[in-house]
Amino acid sequence: MQLHFSPSMRSITISSSTNNHQNGFIDLMKIKVAARHISYRTLFHTILILAFLLPFVFILTALVTLEGVNKCSSFDCLGRRLGPRLLGRVDDSGRLVRDFYKILHEVKTGEIPADLKLPDSFDKLVSDMKNNQYDAKTFAFMLRGMMEKFEREIRESKFAELMNKHFAASSIPKGIHCLSLRLTDEYSSNAHARKQLPPPELLPLLSENSYHHFILSTDNILAASVVVNSAVQSALKPEKIVFHVITDKKTYAGMHSWFALNSASPAVVEIKGIHQFDWLTRENVPVLEAVENQNGIRDYYHGNHLAGTNLSDTSPRKFASKLQARSPKYISLLNHLRIYLPELFPNLDKVVFLDDDVVIQRDLSALWEIDLEGKVNGAVETCRGEDDWVMSKHFRNYFNFSHPLISNHLDPDECAWAYGMNIFDLGAWRRTNIRETYHSWLKENLRSNLTMWKLGTLPPALIAFKGHVHPIDPSWHMLGLGYQSNTNIENVKKAAVIHYNGQSKPWLPIGFEHLRPFWTKYVNYSNDFVKNCHIQES
């Protein structure tokens, strides 16, 4: 049998040879082919390409078969498994995802091999992958190890940053220290710096209850000047303002010099040193004497802040709160002084007590018109508001409720309130035992080695004023400018009093740049003492 193709490739003839046929052939079948549409050149190229590709397909198939598709773990094999899927011929995605999750679960629950060397960078990781041909599981272990390593380093850096910030917040800037020294020297050499404050003819106003009396306790001269300046400039009737500035003995001369040489007229300013109050004796403040002098207490506030702290179980935010609670200012008598206001100002009925890190932006005379409904303390509550960090404070944030005395007497969900700007009814206060309650709880905390609370002066005040607080509108007092960098600027502009409570005070280099101008606008940078101490607006 033979096949014959016609020259035009349009017919194929199948024939067999036989002896009795003249030509020796018999045509068994003749097949006609359709008209040719493919050129010889195209057919040749197609055969050439197939001849080139088929060996690679054969080799690839052999490799996959030898390695075992189901046990495939290397990245090359993973690519060969994904290849058919990308070409639309095989849908292996479900199995790949299951294998991937299986590897992740094994890596999550397993121990990182001790001999696994972790690269220091992504480039090094890529290089190691190329050189060592790691399988998927080893690669996942390396990623996990690198992430855990970087997380530890970031965490350690964050705690170191918080420690440095704590030390910066506890320090006195060089310019402010210079200002105090120069003004103290001026007090001794300049009679004008020693003139009586207020002048003799204005002394009766110090106990005149028709005036608006502000009390400020501080050893920071520059901060005191901002509080007084902002209050006077924001007041509708500044001539009705009387400021009682209380400071310690070492700062008294410098503080007196500043206000003697920089009049706050038409407001009245009185400067008093703690040593000038006859009532502040050891007999009347024995607990605070112990707080200030007890070695254990001083070690807690001035000692090693990392001792006894398990950083692995503490979040940076909690650690920051603990550091803030260990500020040395909390053992200063100046900070506890507000609990003695009825005794220190026996002739006054109603006063506004201010911290030295506040700025007054609105007339505050309406505070004296608020009906406290027989309560002692008009304060802003801090358990509700727009800012979930600043305005989310309850008793559980300040007290250790694992202590039996605390858990038996206090409610962890009770709303806290803020110090910093408070309107006090001293007449109502004198009819209570607030001071005695404050002292008794301080004693208990000292006996318990500070295990009941550790955040300064507010916790004992929260107990002592329990049942004596009248909530006032939050717009009177905006908090958090010393630790909440995301403070809403529009809310800052609207607040009557803004409070830089926290470590980032506006006079410190660590203060928030976008919040500092609200404070610096009340600093007199043209003053010679300020200029000579190189205190500049930053």
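Let's start with Phe243, which touches Phe214, Val227, Val228, Ala231, Val268, Val269, Glu270 and Leu354, leaving aside residues up to four places away in sequence. Contact here means heavy atoms within 4.5 Å. Please keep in mind that this is a predicted model, where local features need pLDDT of at least 70, side-chain atom pairs count only at pLDDT 80 or more, and totals for chains, interfaces and linings use all residues. Residues are numbered from 1 along each chain as its sequence is written, and side-chain values use heavy atoms, with hydrogens and water left out.

So where does Phe243 sit? Phe243 belongs to the largest nonpolar core, which has 70 residues. Along with Leu179, Phe259, Leu354, Leu367 and Ile498, Phe243 touches the most other members. By nonpolar core I mean a set of buried Ala, Val, Leu, Ile, Met, Phe, Trp, Tyr and Cys residues joined through side-chain atoms within 4.5 Å. Buried is under 20% relative accessible area, exposed is over 50%, and partly exposed is in between, using a 1.4 Å probe and protein chains only.

Which helix gives the most to this core? That is helix 7, residues 221–234, with 9 residues. Helices are DSSP runs of H or I with at least four residues, strands are runs of E with at least two, and both are numbered from the N terminus. Apart from this core lies another one, of 44 residues, including Phe277, Leu337, Tyr438 and Trp453.

Now for the disulfides. How many does a search of the whole structure find? It finds 2, counting a pair of cysteine sulfur atoms within 2.5 Å as a disulfide. For anyone new to the term, a disulfide is a covalent bond between the sulfur atoms of two cysteines.

One of them joins Cys178 to Cys533, with 2.1 Å from S to S. Its S-S torsion is about -75 degrees, so this disulfide is left-handed. The pair links distant parts of the chain: Cys178 is in helix 6 (residues 174–189), while Cys533 is in the segment after helix 20 (528–532), 355 residues apart. Cys178 counts as buried because its relative accessibility is 19%, and Cys533 is buried too, at 5%.

In the other, Cys383 and Cys415 have their sulfur atoms 2.0 Å apart. This link is left-handed as well, with -100 degrees about the S-S bond. Cys383 is buried, with a relative accessible area of 13%, and Cys415 counts as buried at 15%.
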